[in-house]
Amino acid sequence: MSTQAPAPAASRIDEQDIRLLPKAEVHVHLEGTFALADILRLAKENGATLPGPAVTLFDVSTHDEFVMPEVTTGGTGQGVGVAGLSGFLRFLDWQCGLVRTAEQAARVAYAFAARQSASGIRYSDVIVNPTHWNAWRGRELDLMDALAAGLDEAEQDGLCSANIAYSLLRTQTATEADDIVADLAARRPRRVLALSVDGDEKASGRTGEKFRSAFRAAEAAGLRRTVHAGESSGPEGVWDAIEHLHAERIDHGVRAVEDDALMRRLIDDDIPLDLCPRSNITLGLYPDWASYPLARLLDAGVRVTLNTDDPAPLASTLDQDWAVAAAAFGLDRADLEHLAAESIRASFADDDLKRDLLDELAALTAPREVA
Ligand code: ADE
Ligand code: ZN
């Protein structure tokens, strides 16, 4: 992969060509994929009042309910004018609170798979954090079953296949986390194959030790592990995710670039970073694409995947983000093929599906790119 500092690509890579590349997405929140029309339908079905005009519903910075005290460090003119991560997370609470029945949950899961397929995504590890879905408090595994039903139907219809990473909210207690994992281990909900942590790292400080026993239990129960870190925390959050939680992937992790020893550790342990440049830019972590340190991570030899995080409210899709990344970072077609292969390899898809997708990709590309 070319890793020189941002340079214009020789020729623009069309989104259509990107769509045709078989690929996986490994860092996408179901909560961040509701289309505007689907939110309006849910609100109507529940007789719920919108927090503002429908036409600016994703412009959460205009809603008092969601505005947060901290101010973004730089606007990009793209996506929504979200005031920052914690205001954004409150918006997700409101939106997911509209999903109240099993049919509605299955519908949003099905719509997710359709949305992924439209970007040529063939497999997704989708993050679900039940704390956003307040109608399901105390019935979190019923929510998982309802979502699995929607994902089953989508797969039967030939859409993107997906498994769920059940996410703890960073502010939950150690006991809550232990109980959740005990339930997951006992009931083994279909399609839930990983444990995750998300939420605002700034809101809760270092959480590695707090969730250590839950993650150890998850590991013992055969659940995979992916952890948000190095977004609103610095490199220390990534260290905690590796040392305490035995993370197999880091969601974001971009601030690992500030610590050479950490990058070495990521390489030695073969831990990929699930990067989401647009999310980090829109939510104010970096002022623009030019300052996003992809090239430095790649130059150091760190494995990365490129993801959307919360594509609907961030007004994007994976194919659009890859096209923008190609232009911003000077990536060519071979680089994108390599990213597609890395996305499949880094995913928690089963080995047969990985092999099929890699074979399909290899048939489209020069063999050296995906060997
Ligand atoms: N939940 C949804 N999007 C998130 C993000 N970018 N960081 C942490 N938690 C999230
Ligand atoms: Zn995320």
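At what angle do helix α4 (residues 102-118) and helix α5 (residues 140-156) pack? The angle is about 45°, and the axes lie 7 Å apart. Axes are lines fitted to C-alpha atoms, for helices over the stretch in contact, and angles run from 0 to 180 degrees between N-to-C directions. α4 and α5 are therefore oblique to each other (under 35 degrees is roughly parallel, over 145 roughly antiparallel, 65 to 115 roughly perpendicular, the rest oblique).

This is a predicted model: local features need pLDDT of at least 70, side-chain atom pairs count only at pLDDT 80 or more, and totals for chains, interfaces and linings use all residues. Residues are numbered from 1 along each chain as its sequence is written, ligands are numbered from 1 in written order, and side-chain values use heavy atoms without hydrogens or water.

Contact (heavy atoms within 4.5 Å) between the helices involves, among others, A102, A105 and F112 of α4 and L143, G150 and A154 of α5.

The zinc ion (ligand 2) is coordinated by H27 (NE2), H29 (NE2), H228 (NE2) and D309 (OD), at 2.0 to 2.1 Å. Donors are N, O and S atoms within 2.8 Å of the metal (3.2 Å for Na, K and Ca); water is not among the atoms, so sites may look incomplete. Along the chain, the donor spacing is H-x1-H-x198-H-x80-D. H29 lies in strand β1 (residues 23-29) and D309 in the loop between β8 (304-306) and α12 (318-329), so the pair ties together parts 280 residues apart in sequence.

Both residues are buried (under 20% relative accessible area; exposed is over 50%, partly exposed in between; 1.4 Å probe, protein chains only).

| Residue | Relative accessible area |
|---|---|
| H29 | 6% |
| D309 | 2% |

Conventions
Helices (H or I, at least four residues) and strands (E, at least two) are DSSP runs, numbered from the N terminus.
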